[in-house]
Amino acid sequence: MSNASADEEDFLELVVANETVCTWLDKWKSYAKDQNVDRLAVLLHDIAKTISTKEPYAEEARECGMADEALRTMKLFSHVLSDTLLDDLSVIIATCSGPLAQGDRVRSIEYGGHTLYIKEGALGDGVGAKVWRVARIMCQKMVDDPALCVEGKDVLEVGAGCGACGFLAGKMGAHQVVVSDYVDQLLLNLKDALHRNEFPGQQVGERDTKGWNNGNVAVRFIDWEDSVALLDQQTPVDIKSPAALDGESSRIVAPGVPEESKFDIILGTDVLYEWPMVQSLSATLQHRLRPDGTAYICNAVRDKAMFDAFIDSMRSRHLDVSVSHLDTETTHEQESFCREQEYEGGYVWIVIRHAYIQE
């Protein structure tokens, strides 16, 4: 990944890469089981050519354990391996096990003099495994907009993914930050990144790299459906998302957030991409926002009907909602952030408060 944030083109390529690699492995195992060396050779040649030239495919192949599969194939077919097949298997192993595969995919980004260390994963970890453009928009606004002051506040980042906004809030002097997600692997990535950063309140020489807290920042599990159950007295819905979009959750990998915990500020970026989130996210905002608190959501509007339903859902929960469209902006990196033509509704900035505070 470059220092530029992932955009929609990156996202689509990663989705295709994830699905393609899964299909490759299914065929690979089937051909190996049937001892069909000819078909296997054609397949492995295509795989080697693709992953050696296209990083998204190489990244997904590494995450899916393709190097191990290649080693097993070498042993299984050692007596019939042609030079070409051996070369292709060697390319696959080298690509999946070389220097690029050894790194933790940790990179640094800087805002307002604060350096954030972020751990990204493969898309198979969940859609939040990448730092998407809207997260960088939010970070820049946190630095530039005095109205979005987190100093001394209790902050919750929902659907945190890589946690860029929550980590920045911690470094900008928030009293307490909870960086939350639902997906197991994303929570583990967040925990790793948490201890690569320094935050206020961190005890020198007493860092617990196995813990879920570091200074004023904590990583926590939150299921938005729990807020629906609490507020609407409904049974939580078990949402099963496609693996390419969202990862698995056991609900026990990370500590949860107590039901009574509420926050001065809630941050969220690209947190609306499936219809069940219309109700569950609006319920979470109603549940977790303090009476005088403010939530800030930055989102790409890929489905205007879904977005409009989300706005209506929040208003039905007595939340005051203000929506503004973001014009094309340029960051300190000269990166064009908002290209409205990419989405049905462009990019939006949403400010949410409890309605009665406005009366």
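How many helices and strands does the chain have? There are twelve helices and ten strands, taken as DSSP runs (H or I, at least four residues, for helices; E, at least two, for strands) and numbered from the N terminus. Bear in mind that this is a predicted model, where local features need pLDDT of at least 70 and side-chain atom pairs count only at pLDDT 80 or more, while totals for chains, interfaces and linings use all residues. Residues are numbered from 1 along each chain as its sequence is written, and side-chain values use heavy atoms, with hydrogens and water left out.

Of the 359 residues in the chain, 52% are buried, meaning under 20% relative accessible area with a 1.4 Å probe, protein chains only.

Now to a pair of helices. Helix α7 (residues 133-144) packs against helix α8 (residues 164-171) at about 20°, and their axes lie 9 Å apart. That angle makes α7 roughly parallel to α8, a label for angles under 35 degrees. On the α7 side the contact (heavy atoms within 4.5 Å) is made by Ala-135, Met-138, Cys-139, Met-142 and Val-143, and α8 brings Ala-164, Cys-165, Leu-168 and Ala-169. By class, that contact has nine nonpolar residues, with no polar and no charged ones.

Next, look at strand β1 (residues 106-111). Its covered face holds Arg-107, Ile-109 and Tyr-111, whereas Val-106, Ser-108 and Glu-110 sit on the uncovered one. In a regular strand, side chains alternate between the two faces of the sheet. β1 runs antiparallel to β2 (residues 114-119), joined to it by six bridges. Tyr-111 has His-114 of β2 as its bridge partner. Two residues lie between the strands of this hairpin, and Gly-112 takes a positive phi near 55°.

Note on methods
Axes are lines fitted to C-alpha atoms, for helices over the stretch in contact, and angles run from 0 to 180 degrees between N-to-C directions. Angles under 35 degrees count as roughly parallel, over 145 as roughly antiparallel, 65 to 115 as roughly perpendicular and the rest as oblique. Ala, Val, Leu, Ile, Met, Phe, Trp, Tyr, Cys and Pro count as nonpolar, Asp, Glu, Lys and Arg as charged, and the others, Gly among them, as polar. Buried means under 20% relative accessible area, exposed over 50%, partly exposed in between (1.4 Å probe, protein chains only). Two strands pair if DSSP finds at least two bridges between them.
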